[in-house]
Amino acid sequence: MKKEIIAGNRYTWQDIVDSLPDRWLGLSDITWGLNEATIESATVKYLDKTKDELAQLMVQGECSPIYTTPDNVLQIGALI
Amino acid sequence: MDDQYIRFSIPLMEDKNARPIAMLPIAAFLSAEIQKTMDEAILQKLMLHKIPVLIDTGAVIPIWTGSKSVLESFGAQFYKAGVPVSGFGGGTVGDAYNLPNLTIDRLSYRDIKIVACAELGVVPFFMIISATMFRGLAYEVDIMKFNLNIRMNPGDSYARKLKVFNKADDTFTNLSLFND
């Protein structure tokens with residue numbers, strides 16, 4: 001079930017993925033789950049920024065940029 | 001943790017399989033010059049942030065998939081325009097940049113070259129980490145424990161140099177910019 005995601009509030013990663021697929025988000029106060037790459041919960045700080053805007057905010061220490069559903073963008077080989 | 005290994009965690013996919021996308025500390029990208037000018041509190045905060053990168057064991061050169069302005073804000077300097085790159089998905093051109101200081105966990109790279117290709121469509125990561133960055137080291141993707149393991153043997157230096165060679169004569173026009 002989709003939950004309304006409001007900037008500034010804290011959610012589980014599952015709620016974030018279910019409600020905002022295929023989006024770049026800026027997260028803060030991340031709680032890691034199984035390992036240091038698997039998010040359990042986080043505060044959704046930025047909802048409406050581009051990948052590069054989020055990267056600039058990251059440089060300023062404001063957030064961690066992350067794409068919600070990388071599994072929807074299947075990588076079968078990268079341009080190198 | 002066993003000291004002879006550098007380990008990066010790999011996030012799980014929804015079906016519980018691991019994918020070769022790792023989360024690396026973003027402070028790795030900041031040049032020494034930028035770090036000097038930054039407030040210590042902000043720097044400490046940055047150390048907590050990580051960015052998603054794709055570990056590509058078939059890749060020859062590292063690729064930046066974000067905008068050039070972001071790469072420049074990490075301290076990268078323009079190096080060469082119109083560098084052709086190709087792979088499974090086709091071909092394109094990008095601009096090569098020099099990163100004065102790149103640190104991935106304990107691995108440190110000075111003056112590493114990276115090609116910026118922002119027109120790759122939707123890519124859920126910022127950088128492709130190429131296998132050549134681990135040249136001379138043994139690495140494995142452990143799908144069972146969701147780790148990328150890089151083995152450091154006695155005598156291996158944490159200061160690494162990215163070198164890309166042609167098998168025949170150790171030179172190659174398009175790769176020469178990566179070999180100082």
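Which residues does B:Ile114 touch, not counting residues up to four places away in sequence?

**View 1. Contacts of B:Ile114 in a predicted model.** B:Ile114 touches B:Pro62, B:Ile63, B:Trp64, B:Ala76, B:Tyr97 and B:Leu99. Contact means C-beta atoms, placed from the backbone, within 7 Å. Residues are numbered from 1 along each chain as its sequence is written, while chains are lettered from A and ligands numbered from 1 in the order in which they are written.

**View 2. Surroundings of B:Phe126.** B:Phe126 sits in the loop between strands S7 (107-116) and S8 (127-130) of chain B; strands are DSSP E runs of at least two residues, numbered from the N terminus. With 25 C-beta neighbours inside 10 Å, B:Phe126 is buried (20 or more other C-beta atoms within 10 Å of its own). Its C-alpha atom is 5.6 Å from that of B:Val53, 73 residues apart along the chain. Beyond four places in sequence, the contacts of B:Phe126 include A:Ala55, B:Trp64 and B:Gly66.

**View 3. An open sheet in chain B.** Three strands run in the order S1-S10-S9, with antiparallel pairing (at least two DSSP bridges between two strands). S1 (5-9) and S9 (138-142) each have a single partner strand, so one side of each lacks a neighbour in the sheet. S9(B) and S10 (147-151) pair over five bridges. B:Asp142 has B:Asn147 in S10(B) as its bridge partner.

How values were computed. This is a predicted model: local features need pLDDT of at least 70, side-chain atom pairs count only at pLDDT 80 or more; totals for chains, interfaces and linings use all residues. Helices (H or I, at least four residues) and strands (E, at least two) are DSSP runs, numbered from the N terminus. Two residues are in contact if their C-beta atoms, placed from the backbone, lie within 7 Å. A residue is buried if 20 or more other C-beta atoms lie within 10 Å of its own, exposed if 12 or fewer, and partly exposed in between; C-beta atoms are placed from the backbone.
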